[in-house]
Amino acid sequence: MLTEKGFDEALRISNIPTSEKDSLPIKSYEVQRVVKKLVETPRPTNYQPFDRNRKTVRTIRETALRMRGFRQAVIEVYAFRCAACGLKINSPDSLCWEVEAAHIVPHGSFGRDDIFNGIALCRFHHWAFDVGWFALLDNYRICVSSKLSHLPTDFGRMGDRELIRALSNRGSGIRLPSERRVYPHINSIRWHREFVFNP
């Protein structure tokens, strides 16, 4: 397994810009260590999804490792699949996945970079979750904003496929990780429902 320094050298030799590092599936030793720590952290009973002690100023390297570790841990426990729609696809060269690691309590609100504050979502559902079109109930069922009924019928569609309204029609929950101990924490989803969701 490559170290971060070795990874950077491999990118240099391959003429791949380091700006593409975050989208590559390669995990350095340091990133894998972060992933292992996040996935193996015991599930707290009284979880606080906020990191109010987080230093505003961190080194670029620490932040990049933490973010890559968070992303990798979340998408791995969700088996590289969107929890909302089930989309699972990678690039033709198999170097990156479409699914993203979404923070339930966002960074701007001091949300933690840990498995209990993360959910794997495709780009569209990540955006819809972040702006409050849908939220999760305590039983992990999806609730959709009542404001959908005010949208013109051609909004929220891709061809004949409904993207948001389909979530309310399913009447079921999200696709959860195989291990219950890494489910999103109730305190995170309650915060999102209260402060982000548009009921």
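## Helix α6

Helix α6 spans residues 186-195, and its buried residues include I186, S188, I189, W191 and H192. The model is a predicted one. Among the elements that cover the buried residues of α6 are α4 (123-131) and β3 (134-136).

## L121 in strand β2

Strand β2 runs over residues 118-121, and L121 belongs to this strand. L121 has a relative accessible area of 0%. The cut-off for buried is under 20%, so L121 counts as buried.

Leaving aside residues up to four places away in sequence, L121 touches C82, A83, A84, V99, E100, A102, H126, F129 and F134. L121 and I75 are separated by 46 residues in sequence, while their C-alpha atoms are 8.5 Å apart in space.

## L87 in a loop

L87 sits in the loop that connects α3 (60-77) and β1 (100-103). Its relative accessibility is 35%, so L87 is classed as partly exposed.

When residues up to four places away in sequence are not counted, the contacts of L87 are F80, R81, C82, E98 and C122. From L87 to L121 there are 34 residues in sequence, and the C-alpha to C-alpha distance is 8.5 Å. C82 is touched by L87 and also by L121.

## Salt bridges

The model has seven salt bridges by the rule used here. One of them pairs E100 with R123, with 3.6 Å between the closest N and O atoms. Since E100 is in strand β1 and R123 is in helix α4, this pair ties together parts that lie 23 residues apart in sequence. E100 is partly exposed because its relative accessibility is 21%. R123 is also partly exposed, with a relative accessibility of 46%.

Another salt bridge joins the side chains of E162 and R165, at 3.2 Å from N to O. Both E162 and R165 are buried.

R181 and E179 form a salt bridge in which the closest N and O atoms are 2.9 Å apart. R181 has a relative accessibility of 34% and therefore counts as partly exposed. E179 has a relative accessible area of 40%, so E179 is partly exposed as well.

Key. Residues are numbered from 1 along each chain as its sequence is written. This is a predicted model: local features need pLDDT of at least 70, side-chain atom pairs count only at pLDDT 80 or more; totals for chains, interfaces and linings use all residues. Side-chain values use heavy atoms; hydrogens and water are left out. Buried means under 20% relative accessible area, exposed over 50%, partly exposed in between (1.4 Å probe, protein chains only). Helices (H or I, at least four residues) and strands (E, at least two) are DSSP runs, numbered from the N terminus. Contact means heavy atoms within 4.5 Å. A salt bridge is a side-chain nitrogen of Lys or Arg within 4 Å of a carboxyl oxygen of Asp or Glu.
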